[in-house]
Amino acid sequence: MKWDLPKDPADLAERFDAEMKKLVGVGWDDWDNALAVTGPLPMGMFNAVVALIDRSGVVPELEAWALETRKNKAGRKALISFRAVLVVELLCALWTKGAQYQEICNTLAYRMSPEQFEVLGINWERVKKTRWYHRHWRAKQRLLSAIDPYYGTSKKQKLTLTAAMDALNAKDEERERRLLWVMQSLVSASVSLLPKRYRDAYSGDVALDSTRIKILGPVHSAAFTEARKGTPLDHPKVIAASRTLRRGGKLTNVDFTAGTYDRGHHERPGKGAPEPAHELDFISMMDTRGYVDYPAFARIITGISIHRPSEITKGPLRAMRQHSALFTQRGIACGDRAFNNSESQNFQQPLRIDYWEMCFDYKENQFGRQGVVAGKDIVVIDGVPYVDRLPRLLVNATSQYKNGELNPDTGRLWTWPEIEKVLEDRKVYQMKRHGSLFAEQRNGHQRFVYPDPKTYRAFDPATNKPIDSPKEKNKLRGSVLIPPDAEVVKHLQRYPWGTPEWEKAYGQRNQVESSNSGIKRSRFTDLEDPQKRPGRGVAYQGVASALMVVAHNLRMLVNALVSEHKPKAKTPRSPRRKYSEPVWRVGADKPAKAKAPPQKRAA
């Protein structure tokens, strides 16, 4: 795909400056300077940040929700609006300061001009920064109370196990929906800044990933973990684990809304100690074909959701639906085994109905035969449908390989070259895609064509004996519409697992993971550091994480513009080689060895 870029360096620089101003309100030099010095922003950049918050549409809703919760108009007048709260915290996220109240009050006290205060509707005055601290804190608490699912329970002190479970059971579902909407609306506002040429060139592929949102304090007790799973408080397991509670039966961590992150459900389990945390699911733009056709590609985050670690029943689907609402394209969604292990009706089936195809790895016990199409001689093996006439060896080979079982033909462990031959031999049995899932527009149904019976030798799936009757073989011809049944689509994906096509598509997900690691680094957004998110509760952590994602997206969009407008470096001419004595002797296979120095003769 070719984009119309000026060839003249001066014109290219002028276009880059114009694109930067359209995106962040200032040119590259001002942008780079503003992030480096963390001082007063140019008004153009400040106005761009304000416009982004306004574009999200969250402020009017927050004000309406807060008004509903107020009993009367009495009380202290708000000096800082919700709009100002979000703008200032987004600036702090851009400066890698996180959501620390000390840094926020430093911003209000020292980093903003009177003109910028006026834009936010704040009366500018020189007062001690502790005054700004308390003003912002009070405004933030009003904001959070409108979207906190556990707004009715204080987070200032540790609760007893019984009180904590009562608080969790009293969760406000409406406020939980509000929190997710606010988080996603903020991120969607940053996605709306994606230039049209990037959007038009986008293939529709995404990568799914999760990261822990570590919080301050010790890990939760085993008793609380068991109780959260639904184990009754009088159960022997909970009683035995109660010794891990604090004195008086209190929790070990104040934030009862968080869970425990122990990497048990992770694709590559680590040896790190369990940590108190929330977990953020996010969706990133990618292209499983590679990026050679793009002058630049913005790997921005387009969907998010927050939940306790390992409780991924609804979060990934919510994040995917946010992305789907922002883009018309549907491609391949790549995810690790944690997502593939979801219940089909909670993840794979709804995505299939929304015309998404998958690309993921499997656990050891998920290889081989994975499902059958009801009423059809079609079986799903390692992610794709085959006519159910394969010899048993081809069906079970990958499962035996992954589980350390012997190859029945050789009596030895399977080797990867042997598996590669199995994947190749399966191709003649593979059902052929007839058009794309998205083009079909049949509510998740996709048409496949049976392979030509003349190209394969059929085997009876019950007895594993060859079927030599031409009449029996020729029954399986023509096309068939495969429905998005839960059993079929749970492991279904675009390419057969382990093939070069699958490896190429799945490998692009690793590049996105590498890119997304920037959101965790201290040099950039630093989502990894709980010291930069010292507040308590899922509402505080959700808003802070969403603003950090917005800051990350702005950086990624700017990086894409930089890549797009970078002048092509001229390939320098190779220097002339200076004459030197040949190292290799003519006709020799090895370099000539230097002669040993002469030895002094003995007297």
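Biologist: What should I know before reading the model?

Modeller: It is predicted: local features need pLDDT of at least 70, side-chain atom pairs count only at pLDDT 80 or more, and totals for chains, interfaces and linings use all residues. Residues are numbered from 1 along each chain as its sequence is written, and side-chain values use heavy atoms, without hydrogens and water.

Biologist: Which order do the strands β10, β11 and β12 have in the open sheet?

Modeller: Strands of a sheet pair through backbone hydrogen bonds, either parallel or antiparallel. Strands here are DSSP runs (E, at least two residues; helices are H or I, at least four), numbered from the N terminus. Two strands pair if DSSP finds at least two bridges between them. The order is β10-β11-β12, with antiparallel pairing. β10 (432-433) and β12 (479-482) each have a single partner strand, so one side of each lacks a neighbour in the sheet.

Biologist: How many bridges join β11 to β12?

Modeller: Four, with β11 spanning residues 446-449. V449 stands opposite S479 in β12.

Biologist: How many salt bridges does the structure hold?

Modeller: A salt bridge puts a side-chain nitrogen of Lys or Arg within 4 Å of a carboxyl oxygen of Asp or Glu. The structure holds 31. One of them joins R426 and D382 (2.8 Å, N to O). R426 lies in helix α18 (residues 416-426) and D382 in the loop between β8 and β9, so the pair ties together parts 44 residues apart in sequence.

Biologist: Is R426 buried or exposed?

Modeller: Buried means under 20% relative accessible area, exposed over 50%, partly exposed in between (1.4 Å probe, protein chains only). R426 is buried, at 0%. D382 is also buried, at 0%.
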